[in-house]
Amino acid sequence: MNSLAEQIKSAALNMGYEKCGIIKLSDMAGYEDKLNERIERIPEVKPYYEGFYRFSHLQDTYSWAKSIVICVRQYGKYNIPDHLKGMIAKYYLVDSRTDEHSKDFQDSFKFESYLQEIGLKAETERKFGITALRWAALKAGIGIVRKNNFFYTESGSWVYLEAWLIDKELEYIEIPTIKECPKSCNLCIKSCPTSSLSEPYTMNRSSCISCLTTFEGRDLPHEKYNAQMGGWLYGCDVCQDVCPMNKNRWNATEEFPHLDELSQHISLEKILKMDYEYLEQVIQPKFWYVKKSDVWKWKTNAINVMVNEYKQQYKECIYDACNDEHVKVREMAECAIKILGLV
Ligand code: B12
């Protein structure tokens, strides 16, 4: 009979996870050191990272918890519509965290029910994670963290992580077999458009395009990095796309539910013309980092991309945006007209 830890791992694999490991709660202590290091190197991120200390002090909130089950699932298996590549980060296009239609989402619930059926108390946080997921996965030895901070398995970095706290002391640790980054390789660092990734394992979340196009970047006319944001509308994949360890690691064999259909409504021009109800009711639930009250951000981001990759056909759209119902969009359109010298 396999041990309980082996049974859990094998159930995870049967439910579509690529890897599964189990670590002790105390293994999260090292994350605190990494957080301190990050804040020391980039002090301005302190206010944003303060809340993450809870990830290594799980006992304070979950006094019953004894171990962490950490699972990895591949998303580099889905077809990505060509016209959205380089515009919307792939993770967000196939994000299953809140998408009930996706098999990944359903499997995540099935796995949780399995843990409960075998008599364990199990708890997760599906949106932002119940703990520091990369650190947990690193400690479980189910892959490695590369210089771009991403967690890699044999499938490259096109994997996402999920963790459950359980109330039993168990351990299942592997020894990763994938090679470290070549010493001389710094392609990810060199390619980061805003130099947010400034040294190995060090990035500034506030200048990361992924952050600027979602949680931040609310004043694009005065944003320091608006030119460097290039063609990105929502998220950014540059430091992963350029990584040699990701070469040939995206194997598109499956369709993500409703992605093809939705993608036909997305282009820079369509977003600028999109009514706010559609943005709130259809776009926002899928791309939930931008809140309903902030969906105007899609339009300012689209104008920013139009400026960075200007084509004659955008002119009319930009002019029309000067009459948008939201002041932020009108300001951005006026700013674009000035930058592009369209007057
Ligand atoms: C906050 C957050 C963000 C913020 C800030 C990013 C950040 N790196 O802090 C923002 C909004 C910018 C963001 C963006 C994205 N995110 Co995010 N994010 C998170 C979150 C919630 C916490 C990350 C965190 O703890 N940061 C603090 C720093 C200190 O920790 P860390 O980033 O994990 O870095 C680790 C390594 O650097 C390592 N380390 C440090 N030094 C050293 C030295 C050595 C030698 C080694 C081996 C390791 C090592 O230790 C650190 C601690 O684990 C996690 C989910 C979670 N709960 O863990 C997802 C997570 C990291 N995000 C994820 C993704 C996919 C993204 C995006 C790619 C989406 C996109 N395409 O736009 C972008 C990428 C941005 C980028 N270039 O990094 C995935 C990553 C999957 C993977 N394969 O690694 C995660 C794990 C979510 C998930 N469920 O899978 N994210």
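Modeller: Cys 71 counts as buried, because its relative accessibility is 0%. Keep in mind that this is a predicted model. Searching the whole structure turns up zero disulfides, and Cys 71 is in none: the nearest cysteine sulfur belongs to Cys 20 and sits 3.9 Å away. To call a pair a disulfide, the two sulfur atoms would have to be within 2.5 Å. In general, a disulfide is a covalent bond between the sulfur atoms of two cysteines.

Now for a pair of helices. Helix 15 covers residues 314-321 and helix 16 covers residues 327-340; they pack with axes 8 Å apart, at an angle of about 135°. The two are therefore oblique to each other, and their crossing is left-handed. On the helix 15 side, the contact uses Ile 318, Tyr 319 and Ala 321; these meet a set in helix 16 that includes Val 329, Arg 330, Ala 333 and Leu 340. Sorted by type, the residues of this contact come out as eight nonpolar, one charged and no polar.

Last, a loop residue. Glu 50 lies in the loop between helix 3 (46-49) and helix 4 (58-61). With a relative accessible area of 43%, Glu 50 is partly exposed. Going from Glu 50 to Lys 183 takes you 133 residues along the sequence, and their C-alpha atoms are 32 Å apart in space.

Key: Residues numbered from 1 in each chain as written. Predicted model: local features only at pLDDT ≥ 70, side-chain atom pairs only at ≥ 80, totals over all residues. Heavy atoms only, no water. Buried < 20%, exposed > 50% of the residue type's maximum accessible area, 1.4 Å probe, protein only. Axes fitted to C-alpha atoms, helices over the stretch in contact; angles between N-to-C directions. Helix = DSSP H or I, 4+ residues; strand = E, 2+ residues; numbered from the N terminus. Parallel < 35°, antiparallel > 145°, perpendicular 65-115°, else oblique. Left-handed = near helix turned anticlockwise from the far one by under 90°. Contact = heavy atoms within 4.5 Å. Nonpolar A, V, L, I, M, F, W, Y, C, P; charged D, E, K, R; others polar.
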